[in-house]
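Hi,

Here is the structure I promised to pass on.

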Amino acid sequence: MAELRNIVVLTGAGISAESGIDTFRDAGGLWEKHRVEDVATPQGYERDPALVQRFYDARREAVQKVSPNPAHEALARLDREWEGGLLIVTQNVDDLHERAGASRVVHMHGELLSALCPICERRHRWTGPLIERPECPSCEARSLRPDVVWFGEMPYQMDRIYAALRRADLFVSIGTSGAVYPAAGFVRDAREYGARTLELNLERGEGSYWFDESQQGRAGELVPAWVDEVLRS
C-alpha cells in the first residue's frame, strides 16, 4: 500500500444496485421485458425510436429518485483525500458518483442525464423526457437522443482510460460481471502494465481469475473498508 501512487477504479451495475437501480443481467432486472437489440442498439433506435425514448425516459426519471450509497460515498472520500492519481471509470449511466461528491469520473457508456444531438454533435444536461422530440438547445433540430453508448458504438474517452491504466499501480473492479468488453479487458491491460489488481464484487465475476485478489460481499461494506485501508497507508 505504501508504494501506491496511481489508482484506477472500474465500477459496474453492482455498485448502484444497492441504491435501487436494477442491474442489466438480473433475472428480474429492468431489461427483462425488452430485448437488448430493441432498446440498446442503433438499429433498434432506427426501427422504433419511440420505444427507445420511452425506455430511457423511464430510466432517467427513476434514477433521479435514488441516492448514493456508502460505496459511492467511500469512493467520493477517496477522490477528495487521495493525493495521488485517481480515475473512477464507470460503466453506469447514473450520476451517483457525482452526487456523492466524486469529480475524477469518466462515464465510458454515457449518462442518462445528458442528451446528444446527432446533427450538431452537442451534448446537453437533460432531466426530462425526450419522447416528445424537444428542440436541441444548440441547433434547434428535433433529433435529441439519449447520450448513452449502445452496443455497436464506441465507448467514450477510451484514450484517457488507457492512459490511466498504463500509469496505474492498482486496478480495482467493483460490482461488475466482467462480461462486457472493452471494460472486461481492463484487468488484463492493467496487469500487463504492472499494476496489482483487486476485485470487489457480490460474487466472483467471469474474469475473477485475472485478479491478484478477489473479495466477495456487498459493495456498501467492502468499498468503505478498502478505502479506509488505502487512506491509512
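Leaving aside its neighbours within four places in sequence, which residues is H109 in contact with? Contact here means heavy atoms within 4.5 Å, and on that basis H109 touches T90, Q91, V93, D147, V148, V149 and P155.

Before I go on, a word on what you are looking at. This is a predicted model, where local features need pLDDT of at least 70 and side-chain atom pairs count only at pLDDT 80 or more, while totals for chains, interfaces and linings use all residues. Residues are numbered from 1 along each chain as its sequence is written, and side-chain values use heavy atoms, with hydrogens and water left out.

**The annotated positions**

Back to H109: UniProt, in an unreviewed entry, gives this residue the feature "active site". UniProt positions are given in the numbering used here, feature names are shortened, and annotations may be inferred rather than shown by experiment. H109 sits in the loop between β3 (105-107) and β4 (110-116). Helices (H or I, at least four residues) and strands (E, at least two) are DSSP runs, numbered from the N terminus. H109 counts as buried because its relative accessibility is 14%; buried means under 20% relative accessible area, exposed over 50%, and partly exposed in between (1.4 Å probe, protein chains only).

The unreviewed UniProt entry also lists Y56 and R59 under "binding site". Y56 is part of helix α4 (residues 49-63) and is buried, with a relative accessible area of 1%.

**Aromatic rings**

Y162 is partly exposed at 25% relative accessible area, whereas F186 is buried at 1%. Another pair is Y209 with W210, which is tilted: the centres are 5.6 Å apart and the planes at 35°. Y209 is exposed, at 63%, and W210 is partly exposed, at 29%.

Two arginines also lie over ring faces. The test is that NZ of Lys or CZ of Arg is within 6 Å of the ring centre and within 35 degrees of the ring normal. R145 lies over W150, at 3.8 Å from the ring centre, and R123 lies over Y156, at 4.7 Å.

**The nonpolar cores**

A nonpolar core is a set of buried Ala, Val, Leu, Ile, Met, Phe, Trp, Tyr and Cys residues joined through side-chain atoms within 4.5 Å. The largest has 26 residues, and I7, V9, L75, I174, V223 and W226 have the most contacts inside it. Elements giving two or more residues to this core are β1 (6-11), α5 (70-81), β2 (85-90), β7 (170-174), β8 (196-201) and α9 (219-232). Of these, α9 supplies the largest share, six residues. Not counting residues up to four places away in sequence, I174 touches V9, L10, T11, G12, I15, L75, L200, A219 and V223.

A second, separate core has 18 residues, including L87, I161, A168 and F186. A168 is in the loop between α7 and β7 and is buried at 4% relative accessibility. Beyond its neighbours within four places in sequence, A168 is in contact with N6, V8 and A195. As for α7, its buried residues are M158, I161, A163, A164 and L165, and they pack against β1, β2, β3, β7 and α8.

**Cysteines**

C120 is partly exposed at 24% relative accessibility, while C136 is buried at 1%.

Cheers

Technical notes. Phe/Tyr/Trp six-rings, centres within 6.5 Å; stacked < 30°, edge-to-face > 60°.
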